[in-house]
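Q: I am new to this structure and would like to learn how to read it. Could you take me through a few features?

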Amino acid sequence: MQISVVIPTCNRKKNLLLLLKRLDKSIFILHEVIIVDSGEDRLTSEIYSFKNLDIQYLQSEKSVCIQ
């Protein structure tokens with residue numbers, strides 16, 4: 001079984017980084033983590049510090065329906 005995590009977010013960079021740290025230490029093997037970010041405070045190089053996660057980072061306009 002493959003597990004993917006999808007995280008829609010908007011201007012919650014601090015909380016998002018905390019969640020990614022926890023997922024990085026998870027006992028479950030995650031296939032991928034998909035982040036759909038519609039905020040102004042975007043992640044940059046922080047994504048590459050999580051060695052155990054295959055992160056797909058997508059930018060979106062502000063709309064829960066689009067995310």
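Q: In which sense do strand 1 and strand 2 pair?
A: Two strands pair if DSSP finds at least two bridges between them. Here strand 1 (residues 3-9) and strand 2 are parallel, with seven bridges; Ile3, for instance, has Leu30 in strand 2 as its bridge partner. Strands (E, at least two residues) and helices (H or I, at least four) are DSSP runs, numbered from the N terminus. This is a predicted model, where local features need pLDDT of at least 70, side-chain atom pairs count only at pLDDT 80 or more, and totals for chains, interfaces and linings use all residues. Residues are numbered from 1 along each chain as its sequence is written, and side-chain values use heavy atoms, leaving out hydrogens and water.

Q: Which residues have the most contacts inside the largest nonpolar core?
A: In soluble globular proteins, nonpolar side chains tend to be buried together. A nonpolar core is a set of buried Ala, Val, Leu, Ile, Met, Phe, Trp, Tyr and Cys residues joined through side-chain atoms within 4.5 Å; buried means under 20% relative accessible area, exposed over 50%, partly exposed in between (1.4 Å probe, protein chains only). The largest core here has 13 residues, and Leu20, Val33, Ile35, Leu53 and Ile55 have the most contacts inside it. Helix 1 (13-24) and strand 2 (30-37) each supply at least two of its residues.

Q: Is Phe28 buried or exposed?
A: Phe28 counts as exposed, because its relative accessibility is 55%. Phe28 sits in the loop between helix 1 and strand 2.
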